[in-house]
Amino acid sequence: MQPDAEIKYIWQESMIKINQLIGVDDHQADLSTPRFSLTTEPNPFNRKVEFTINCPVSGRYSLDILNSAGRRIKSFGGETAADQRISIGWNGLNDLNERVVPGVYFYHFRCPGIIKSGKIIALLKKSAILNIR
């Protein structure tokens with residue numbers, strides 16, 4: 001086929017004209033370069049949620065847990081992460097060491113050049129909240 005040849009395709013009852021050949025670059029991505037990721041397991045959670053963070057840069061990090069009104073109820077971090085993998089567990093207690101109520105909570109993670117937010121759902125069964133006799 002010649003590069004300047006006009007090709008016509010019919011797609012969903014419309015005619016599309018292609019006037020150029022389009023090439024596909026078949027290069028592989030560099031998988032050795034660390035990439036940012038943040039996972040929460042399990043979500044929704046009952047007793048504890050684990051944040052697993054792969055941060056490609058070292059530096060100070062922070063993870064804040066916010067309630068549905070946007071108030072910070074728990075803070076983690078403020079430390080320098082030399083390792084690229086950070087693991088933080090939250091047991092459903094606030095900064096005052098009080099059990100939070102079941103509901104939707106938000107997390108806000110920061111490290112140099114990266115900000116990530118998301119939501120987690122706390123189920124927290126009554127037996128985990130109350131001391132049942």
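Trainee: Leaving aside neighbours within four places in sequence, which residues is Ser62 in contact with?
Mentor: This is a predicted model. Ser62 has its place in strand 5, which covers residues 59–66. Once the neighbours within four places in sequence are set aside, the contacts of Ser62 are Phe76, Gly77, Gly78, His108, Phe109 and Arg110.

Trainee: Is Ser62 buried or exposed?
Mentor: The cut-off for buried is under 20% relative accessible area. Ser62 has a relative accessible area of 17%, so Ser62 is buried.

Trainee: What share of the residues of the chain counts as buried?
Mentor: The chain has 133 residues. Its accessible surface comes to about 9800 Å², and carbon and sulfur atoms hold 50% of that. The share of residues that count as buried is 29%.

Trainee: In what order do the elements of the chain run?
Mentor: The chain contains nine strands and one helix. Read from the N terminus, the order is β-β-β-β-β-β-β-β-β-α.

Trainee: Which residue in strand 7 does Ile53 stand opposite?
Mentor: Strand 4 spans residues 49–54 and runs antiparallel to strand 7, with six bridges joining the two. The residue in strand 7 opposite Ile53 is Ile86.

Trainee: Is Leu123 buried, partly exposed or exposed?
Mentor: Leu123 lies in the loop between strand 9 (114–122) and helix 1 (126–129). Leu123 has 48% relative accessibility, so the class is partly exposed.

Trainee: How much accessible area do the residues of the nonpolar patch with Leu123 have together?
Mentor: The patch is on the surface and is formed by Val104, Phe106, Ile121 and Leu123. Together their accessible area is about 300 Å².

Trainee: Among contacts with a separation of 6 or more, what share comes from residues 24 or more positions apart?
Mentor: The count here takes in the contacts in the chain with a separation of 6 or more. Of these, the share from residues 24 or more positions apart is 45%.

Technical notes. Residues are numbered from 1 along each chain as its sequence is written. This is a predicted model: local features need pLDDT of at least 70, side-chain atom pairs count only at pLDDT 80 or more; totals for chains, interfaces and linings use all residues. Side-chain values use heavy atoms; hydrogens and water are left out. Helices (H or I, at least four residues) and strands (E, at least two) are DSSP runs, numbered from the N terminus. Buried means under 20% relative accessible area, exposed over 50%, partly exposed in between (1.4 Å probe, protein chains only). Contact means heavy atoms within 4.5 Å. Accessible areas come from the Shrake-Rupley method with a 1.4 Å probe; for residues, only the protein chains shown count as cover. Two strands pair if DSSP finds at least two bridges between them. Patches are made of residues with over 30% relative accessible area and no salt bridge: like charges are joined within 9 Å, nonpolar side chains (Val, Leu, Ile, Met, Phe, Trp, Tyr) within 5 Å. A salt bridge is a side-chain nitrogen of Lys or Arg within 4 Å of a carboxyl oxygen of Asp or Glu.
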